[in-house]
Amino acid sequence: MWECPKCKRKFKRTNQDHYCGAAPQSIAEYIARQPEEVRPYLFQINETISSALPDAVQKISWSMPTYWKKRNLIQFAAFKKHLSLYPGPEAVEAFAQQLQSYKTSKGTIQFPYDKPLPIDLIGEITAWCGKKEGK
Ligand SMILES: [Zn+2]
């Protein structure tokens with residue numbers, strides 16, 4: 001865990017890029033604090049996730065928008081050039097075929113802002129994470 005020396009917020013990754021200041025309290029607030037050009041992507045992914053997980057709790061966890069139901073089901077975060085989705089390592093493995101053109105790493109998928117978001121795929125991955133719940 002890394003703590004930003006300026007704002008004291010804690011992040012998983014050292015030198016995680018973020019906007020210094022108090023942690024946002026809601027997903028809407030998180031999105032509102034991102035640069036204007038990035039917001040449409042965040043609204044889009046948030047809408048896709050919330051319709052795939054209508055009964056999950058929406059909150060901020062690890063400074064990231066999080067969908068929760070007994071545990072963190074899926075999270076996302078905005079970066080300078082891409083949006084990261086955190087569905088967990090098993091989901092990334094299960095969808096490896098469909099994710100070939102995207103950069104992935106342990107439990108994370110990167111969607112660059114210069115490509116349209118693969119909404120259907122994100123919906124499928126999210127639903128998969130919801131079904132895995134309870135295991
Ligand atoms: Zn900071």
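These are my notebook entries on one predicted model, looked up piece by piece.

**Entry 1: ground rules**

I count residues from 1 along each chain, as its sequence is written.

**Entry 2: the whole chain**

I looked up the elements and found 4 helices and 8 strands. Helices (H or I, at least four residues) and strands (E, at least two) are DSSP runs, numbered from the N terminus. Read from the N terminus, their order is β-β-α-α-β-β-β-β-α-β-β-α.

I then checked the overall dimensions. The C-alpha atoms fill a box of roughly 40 × 35 × 25 Å along the principal axes. The radius of gyration is 14 Å, which agrees with the value near 14 Å for a compact globule of 135 residues. That radius is taken over C-alpha atoms, and the globule rule is 2.2 Å times the number of residues to the power 0.38.

I noted burial next. A residue is buried if 20 or more other C-beta atoms lie within 10 Å of its own, exposed if 12 or fewer, and partly exposed in between, with C-beta atoms placed from the backbone. Buried residues make up 24% of the 135 residues.

I also looked at contacts, meaning pairs of residues whose C-beta atoms, placed from the backbone, lie within 7 Å. Among contacts between residues at least 6 apart in sequence, 47% join residues at least 24 apart.

**Entry 3: the sheet**

I traced an open sheet of 6 strands in the order β3-β4-β5-β6-β8-β7, with antiparallel pairing. Its edge strands are β3 and β7 (103-105), each of which pairs on one side only. Two strands pair if DSSP finds at least two bridges between them. On average, neighbouring strands of this sheet are turned by 20° against each other, direction ignored. For such angles, axes are lines fitted to C-alpha atoms (for helices over the stretch in contact), and angles run from 0 to 180 degrees between N-to-C directions.

**Entry 4: strand β4 and its two partners**

I asked how many residues of β4 (residues 64-68) are buried. The count is 4 of the 5, so this strand is largely enclosed by the rest of the structure.

On one side, 5 bridges join β4 to the antiparallel strand β3 (residues 57-61). On the other, 3 bridges join β4 to β5 (residues 72-78), again antiparallel. Y67 shows both pairings: Q58 stands opposite Y67, and I74 is the bridge partner of Y67 in β5.

**Entry 5: two turns with positive phi**

Most residues other than glycine have a negative phi. W62 belongs to the hairpin of β3 and β4, which has 2 residues between the strands. With 16 C-beta neighbours inside 10 Å, W62 counts as partly exposed.

K70 is another such residue, with phi near 70°. K70 sits in the turn of the β4 and β5 hairpin, which has 3 residues between the strands. K70 is exposed, with 9 other C-beta atoms within 10 Å.

I followed β8 (108-112). 4 bridges join β6 to β8, and L85 has I109 as its bridge partner there. 3 bridges join β7 to β8, where K103 stands opposite Q110. β7 and β8 form a hairpin with 2 residues between them, and G107 in the turn has a positive phi of about 80°.

Which residues of β8 are on its covered face, and which on its uncovered one? I109 and F111 are on the covered face, and T108, Q110 and P112 are on the uncovered one. In a regular strand the side chains alternate between the two faces of the sheet.

**Entry 6: the core**

I looked up the largest nonpolar core, which has 24 residues. Such a core is a set of buried Ala, Val, Leu, Ile, Met, Phe, Trp, Tyr and Cys residues joined through C-beta atoms within 7 Å. I45, I74, F76, L83 and L85 touch the most other members. Elements giving two or more residues to this core include α2 (39-52), β4, β5 and β8. Leaving aside neighbours within four places in sequence, I45 is in contact with F76, L83, L117 and I122.

**Entry 7: S26**

S26 lies in the loop between β2 (10-11) and α1 (27-32). S26 is exposed, with 12 other C-beta atoms within 10 Å. S26 and S61 are 35 residues apart along the chain, and their C-alpha atoms are separated by 9.7 Å.

Conventions: Contact = placed C-beta atoms within 7 Å.
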